[in-house]
Amino acid sequence: MKAAQTQFLPFLDGKKQFVIPIYQRTYSWTREQCMQLWRDVVNAATSDTIKGHFIGSIVYIHDGIFSVAAIPQLLVIDGQQRLTTLSLLLLALARAVQDAPDESGITYEDIYESYLINKHGKDEYRYKLLLTQNDKHELIYLLDGRNQTIFEPVHGINHTMSHLATNYRFFREQIQQSGIDLATLYKGINKLIIVDIALDRDHDNPQLIFESLNSTGMDLSQADLVRNYVLMGLSNEEQSRLYKTYWYPMEQLFSHISDENTFGRFMRDYLTLKQGIIPNIDKVYASFKAYHHSLLNTSIHELVADIFRYAEYYVNMVFFHNVDSEMKQIFSDINALKFDVTYPFLLEVHHDYTQQRLSRQGFIAILKLIESYLFRRSVCGIPTNTLNKVFATLIKEVDKAQYVESTQAALLQKDSYRRFPDNDEFRAAFLVKDVYNFRQRNYLLQKLENANQKELVNIETCTIEHIMPQNPRLPMEWQQELGPDWKTIHNTYLHRVGNLTLTGYNASLSDCPFQEKCSMKGGFLDSPLRLNASLKHVEHWNKDAIEQRAYLLAEQAIKIWDIPTKTGQSTTLQSKKR
């Protein structure tokens with residue numbers, strides 16, 4: 001390794017090309033980082049006491065590889081973000097000089113031909129910096145002088161979303177609005193200093209050096225680190241093949257998801273499944289390296305292919321990618337419970353289903369079993385802090401020759417805080433649950449409404465109605481309806497499931513008497529919702545009516561969120577036999 005402090009502009013000057021490897025993340029600096037760089041350059045430019053300003057290191061592999069055009073190609077390991085951003089600033093300055101050639105004493109060619117292009121380079125070798133993926137086309141597009149339409153689609157890319165185009169425009173605006181003399185600004189850029197670190201592929205380990213560097217830009221995500229680790233040690237040809245075959249398609253699976261940490265969560269679940277140990281979300285990279293080192297007879301290609309397979313399962317379950325309507329509904333129900341801890345186990349079950357080791361009927365049975373297990377526990381208020389360990393190791397307790405039955409047995413054997421609540425415990429908790437303030441109330445009511453139906457109701461179009469109104473100052477009609485203990489009944493039963501239903505006429509129903517709520521237009525007698533069916537036969541709404549409806553709904557819930565028996569038969573099947 002050769003490391004030397006040098007000025008940034010002489011570092012760029014001369015016939016060379018900096019190439020961003022395919023495994024590097026795309027350009028991602030935002031206005032915040034650009035503003036800081038701009039302030040640093042202006043401060044250096046306008047201060048006589050600042051002789052130089054350090055902006056970080058640029059690390060590249062210098063291993064004697066030259067192109068057919070005799071232009072050295074330097075593979076950038078670290079420093080892509082600052083190298084790209086400074087190129088955008090130089091381009092903005094060059095264009096400003098071009099617009100006002102007589103004011104600065106420097107020329108457009110001084111900047112453009114020295115620091116942004118290789119003047120006599122052919123095709124892609126013409127450009128001093130060659131980015132990766134779509135960024136390559138965007139930067140070339142800017143450098144070639146077509147910036148007047150940089151916010152129009154090109155090469156299928158929407159430039160309104162481009163960090164390159166946005167940051168180039170930012171520097172153009174800053175130069176115009178600041179009023180700083182262009183020659184002074186150029187002097188500030190001349191004061192920028194970097195550490196030039198050249199690696200020798202035969203003697204240096206780029207991965208270890210990359211990890212040890214302290215970046216002054218945006219922290220790499222766990223996904224970035226894993227990708228770099230996977231691809232950095234391969235030859236350019238192997239990198240390209242592995243990236244195009246597996247990694248890029250995997251990135252596309254997650255590309256429509258706004259949360260950039262999703263891939264890191266998937267990798268945590270994947271590693272949990274493979275190792276039986278749950279890594280911290282910020283230690284996924286370290287855990288992945290340890291896992292890779294433990295695979296004695298598995299190539300990096302086989303490992304990435306395996307990750308890609310499980311990534312497909314993950315987006316199927318979490319984002320309903322490539323699933324039919326029945327599977328989408330089942331996955332949606334599980335996701336509504338918000339128990340991500342189940343994913344390590346369900347990833348393996350999905351894998352076995354895909355590999356035809358488990359039938360579709362068996363896969364659905366296990367999914368619904370997990371749904372029941374989670375929901376019954378939630379209703380019963382059982383602490384959730386042990387669930388991550390339950391699902392991290394559950395697959396080890398499953399006999400795949402009897403997949404469904406052994407999964408049922410494994411869950412039924414759990415005790416204490418890991419238990420599967422039986423019907424008596426579930427019923428007792430369900431009857432007295434404060435459902436209105438329950439985290440999963442919408443899920444609960446939607447499942448009750450749509451049980452065993454093919455025409456599903458989306459309760460997001462409805463509101464939750466308290467049959468006995470919420471108003472603590474109940475109208476006299478309601479006090480008489482409830483009887484002398486109306487205050488106690490109101491406080492006790494208000495938010496329980498027996499007193500809750502769905503309606504599209506919440507504002508109309510309001511505090512109206514019960515019979516009026518039934519008979520009015522849009523009232524319970526007129527309602528097509530199944531949750532309101534039993535109300536059509538009730539004459540008075542009091543404690544007994546609330547309890548009776550709650551009990552009916554509890555019995556329905558026991559069938560919806562079923563539990564296997566010790567012999568492997570479900571309670572629903574047993575009730576049918578009786």
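**Exercises on a predicted model**

A polar contact of 3.1 Å links the side chains of aspartate 333 and lysine 447; such a contact is a pair of N or O atoms within 3.5 Å, where within protein one must be able to donate a hydrogen and the other to accept it, and residues adjacent in sequence count only if both atoms are side-chain atoms. The model is predicted, so local features need pLDDT of at least 70 and side-chain atom pairs pLDDT 80 or more, while totals for chains, interfaces and linings use all residues. Residues are numbered from 1 along each chain as its sequence is written, and side-chain values use heavy atoms, leaving out hydrogens and water.

**Exercise 1.** State whether aspartate 333 is buried or exposed.

*Solution.*
Step 1. Buried means under 20% relative accessible area, exposed over 50%, and partly exposed in between (1.4 Å probe, protein chains only).
Step 2. The relative accessible area of aspartate 333 is 10%, so aspartate 333 is buried.

**Exercise 2.** Describe how H2 packs against H3.

*Solution.*
Step 1. H2 spans residues 31–46 and H3 residues 80–99; their axes are 11 Å apart, at an angle of about 60°. Helices are DSSP runs (H or I, at least four residues), numbered from the N terminus. Axes are lines fitted to C-alpha atoms over the stretch in contact, and angles run from 0 to 180 degrees between N-to-C directions.
Step 2. This makes H2 oblique to H3. Angles under 35 degrees count as roughly parallel, over 145 as roughly antiparallel, 65 to 115 as roughly perpendicular and the rest as oblique.
Step 3. Cys34, Leu37, Trp38 and Val41 of H2 meet Thr85, Leu86 and Leu89 of H3, with contact meaning heavy atoms within 4.5 Å.

Technical notes. Helices (H or I, at least four residues) and strands (E, at least two) are DSSP runs, numbered from the N terminus.
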